[in-house]
Amino acid sequence: MIFSNIFFIFRFLTIVLLVYYIVPYKYKNGIITIASFIFYSWGEVKYFPIMIASTIVDFTASQVIEKHRNNKKIMKRALAASMIFNLGSLFFFKYADFFIFNINKFFNTNIPLLKLALPLGISFYTFQTMSYTIDVYRGKVEAEKNIVNFSAFVTMFPQLIAGPIVMYTDVKEKLNTHEGRITLSGINEGIKLFIFGLGKKVLIANNVGALWTDIEAMGFTNVSTPLAWLGIIAYSLQIYFDFSGYSLMAIGLGKLLGFNFPQNFNLPYISKSITEFWRRWHITLGGWFREYVYIPLGGNRKGLKRQIFNMLVVWFLTGFWHGADWNFMLWGLYYFALLAIEKIFLLKYLNRSNVFSRIYTLLAVATGWAIFYITDIGMLSGFINKMFVYSNGISPNYYFRNYIISIIIGIVCSTPLTTKFWDKFKNNNIVMIPILTGIFLLSIAYLVDSTYNPFIYFRF
């Protein structure tokens with residue numbers, strides 16, 4: 001089940017919120033858990049036991065850690081059990097066939113592929129539950145004693161499938177303090193955020209994404225240089241509005257349930273460096289790797305060489321987290337190289353520029369999205385060559401005429417104009433109600449009429 005879906009909006013969400021608001025406070029976490037299990041099982045019922053097992057394993061491990069604070073050996077074993085289960089599940093479903101395929105290729109073996117479907121959201125909720133167990137081990141939080149409350153944290157459907165990655169510390173207070181969780185101001189803001197996120201996904205991402213779909217269908221190496229650039233601009237806008245729209249809907253749904261989820265995007269395309277870009281893009285994932293990988297490795301405390309090595313580890317893992325294919329590892333190493341160069345000498349020059357720095361960043365990010373999307377290394381090489389070495393091919397004229405309005409809207413909405421508008425008018429119902437009503441009705445009309453409505457990050 002996805003958020004930008006008629007059934008979800010008018011049936012599932014309506015019923016869940018009605019029941020959630022009516023039941024006494026002590027039952028609200030139970031309603032979240034039940035609703036989340038239904039939400040997840042709707043399209044992935046065969047993997048429902050994995051979600052249950054993850055909840056039980058991490059809850060049990062945290063209880064053991066809390067109970068044996070004076071016995072480091074037992075604490076480490078409990079933490080190891082949680083890590084092995086979570087990482088083992090992620091490896092088995094996401095990476096087993098990748099390793100089998102490459103073993104067969106390089107060693108001329110014939111091991112059969114498992115051909116397992118990737119459980120939705122496994123990359124997100126395994127990181128989320130691991131962070132909880134690690135935080136309990138560190139003594140940063142006390143173990144949650146109520147398994148229903150813990151289940152609500154693990155399975156909470158607004159952010160279950162594609163984030164933002166929510167730490168236990170983000171929701172602990174609201175999970176355990178029922179009074180004051182639901183407020184009219186929170187509901188009001190949640191509705192606004194959900195509708196704006198729906199509009200970003202349906203009206204912008206889906207429309208500009210159709211151009212990239214057309215280019216993929218005609219063949220990446222058959223396009224002309226202008227069409228290659230038009231296409232990668234479209235994909236850059238699509239993935240931003242698709243993912244940030246989903247995150248905004250998730251944050252809005254969280255507020256409707258009485259929770260404050262962390263921000264996941266902050267206008268990344270206005271960045272003046274790749275360093276700044278990754279502080280603005282997928283903020284919760286970057287924060288997770290910083291907190292649980294980069295800092296434990298030593299961060300920037302052990303000199304420049306060790307810092308660069310730590311960055312290499314983080315970005316290799318970041319690429320690998322996104323997908324089981326060589327292009328994702330190449331994508332991670334590509335960003336490591338750019339960030340390392342900036343760290344060593346380039347960043348100080350970029351900070352002095354307002355124009356060149358932004359052009360450099362946008363070019364680098366667009367190239368990165370080509371690496372991110374095109375899994376065939378030969379096709380990827382050909383497409384990047386098209387981008388930077390002028391060549392003829394399929395003309396952009398037809399596609400320019402059909403998609404330029406959507407692209408311009410996407411570019412404008414990638415600037416601070418949107419946040420300035422929100423800050424100025426978010427409490428002005430005279431302005432907001434007509435705009436929100438228009439966005440909502442247009443989005444619903446599009447959903448009724450269209451069959452193209454995937455979320456990009458569901459792949460990961």
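Okay, let's start with helix α3, where I50, M51, S54, T55, D58, F59, A61, S62 and I65 are buried. Buried here means under 20% relative accessible area, exposed means over 50%, and partly exposed is in between, with a 1.4 Å probe and protein chains only. Those residues cover an arc of only 165° around the axis, which puts them on the same side of α3. The arc, by the way, is that of the directions from the helix axis to the C-beta atoms.

Before I go on, this is a predicted model, so local features need pLDDT of at least 70 and side-chain atom pairs count only at pLDDT 80 or more, while totals for chains, interfaces and linings use all residues. Residues are numbered from 1 along each chain as its sequence is written, and side-chain values use heavy atoms, with hydrogens and water left out.

Helices are DSSP runs of H or I, at least four residues, numbered from the N terminus.

Next, K94, which sits in helix α4, residues 72–107. K94 is buried yet has no salt bridge, and D325, the nearest side chain of opposite charge, is 12 Å away. For charges, Lys and Arg count as positive, Asp and Glu as negative, and His and the chain ends are not counted. A salt bridge needs a side-chain nitrogen of Lys or Arg within 4 Å of a carboxyl oxygen of Asp or Glu. What K94 does have is a side-chain polar contact with the side chain of S123, at 2.6 Å. That's a pair of N or O atoms within 3.5 Å; within protein, one must be able to donate a hydrogen and the other to accept it, and residues adjacent in sequence count only if both atoms are side-chain atoms.

Now the loops. Q159 is in the one between α6 (147–155) and α7 (168–176), and Q159 is buried at 3% relative accessible area. Its side chain reaches the backbone oxygen of P164 at 3.4 Å.

Are they buried or exposed? K115, in the loop between α4 and α5 (122–138), is exposed at 70%. L267, in the loop between α9 (225–257) and α10 (274–280), is buried at 8%.

Key:
Helices (H or I, at least four residues) and strands (E, at least two) are DSSP runs, numbered from the N terminus.
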